[in-house]
Amino acid sequence: RANSMFDKYLYLTNTSKQNRDHFKNYAKNISNRVKKKKNIKILDVASNDGTFLNFFKSKKYYKLGVDPARNVKKYAKEKGINQLILYFNEETSRSIKSKYGLFDVITANHVCAHVDDLKNFVKGVKNLLKSDGFFSFEVSYLGDVIRKKTFDTIYHEHLDYHSLRPLISFFKKFKLEIFDFELVEAQGGSIRIYVSHQGSKKIKKNKIDRQVFLEKKKYKLFEFKSYQNFEKEINKTKNELLKFIKTIKKRNKLIAGYGAAAKTTTLLNYFGITNKLLSFVVDDNKLKQGRFTPGTHIPIFHSEQIYKMKPDYIILLAWNYSNFIIKKHKRFLRIGGKFIIPFPKIKTISN
């Protein structure tokens, strides 16, 4: 049930600098696309703690956020952002329309995969979009999931996985069309898609056709065999990592993990990495500290715990933030610690 997952949500966009930088650049991209307009109304669906909307600093922007999580509204309020507590769909879009009117820009980042009725969601977007406006959304890219073997992004919140080709025909059903897209590094590899009312924007046809060709011929996203190979590769990585960790553990080394994201839960449970192998996990999100990893029951602490407990190894469970974490914790390497990157290939980083 959606309310058991999202009414009180433990993820905060603002937690990592890498995330903040990503959304700062994203906001700049949106701003460049509307720079000729004077007054711009922007609606961010699943606005979380307001980090993204907060980067639209100019007074020409009227900003509105919607998010079902009551507990994150206070963080948006601190940034001066008006945030409605609701689940976005066609019905709730009507109440937004009656009070706030239509929007020039609607954004929805890393939420479309969480939606159980995407048709209803898109009807809501169409209902609120000005005739010359655009809808920009970012989702984990299926091409990257297969290519980079990021199986750990497959978990209970994510109901579908997106690629360009099927989305083109999906939006046509609503008299909407994809006019541009970008591939970005966020969440281990994502696709940002720009949608408008049919005929209102110039379509980057060659760029789109080229990507669709890659999806079919190079990544083979629409062939069953690709997914069978995907499973084989994951199991191979699982066996290698487990063997590596158990070898270290036999030498009486203390091992910790970094990052208690939802993807961590998939990785730990599928690989069988329990509290017998990992002593603790650290996370920079204060909402997760003092809790335990689901299923594997490993305690979650503030990253200061690294320097109190001094583990010999830290597995970067938030592997997509590896560079940032290693840079932030050079001190751990200086005191003789080692980082283990589990993806895409197992790698040990030492001083």
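Buried means under 20% relative accessible area, exposed over 50%, and partly exposed in between, with a 1.4 Å probe and protein chains only. The model is predicted: local features need pLDDT of at least 70, side-chain atom pairs count only at pLDDT 80 or more, and totals for chains, interfaces and linings use all residues. Residues are numbered from 1 along each chain as its sequence is written, and side-chain values use heavy atoms, with hydrogens and water left out.

Start at strand E1, residues 40-45. Strands (E, at least two residues) and helices (H or I, at least four) are DSSP runs, numbered from the N terminus. E1 is mostly covered, with 6 of its 6 residues buried. Ile40, Ile42 and Asp44 lie on one side. Lys41, Leu43 and Val45 lie on the other. Both faces are covered.

Now look at the partners of E1. Two strands pair if DSSP finds at least two bridges between them. Strand E2 (residues 61-66) pairs with E1 in the parallel sense, over 6 bridges. Here Lys41 has Tyr62 as its bridge partner. Strand E4 (residues 103-109) also pairs with E1 in the parallel sense, over 4 bridges. In E4, Ala108 is the bridge partner of Val45.

Next comes another sheet. This open sheet has 6 strands, in the order E10-E9-E8-E11-E12-E13, and its pairing is mixed. Strands E10 (300-301) and E13 (347-349) stand at the edges, each with a single partner strand, so one side of each lacks a neighbour in the sheet. Within the order, E8 (residues 255-258) and E9 (residues 280-282) run parallel, joined by 3 bridges. Gly257 stands opposite Val281 in E9.
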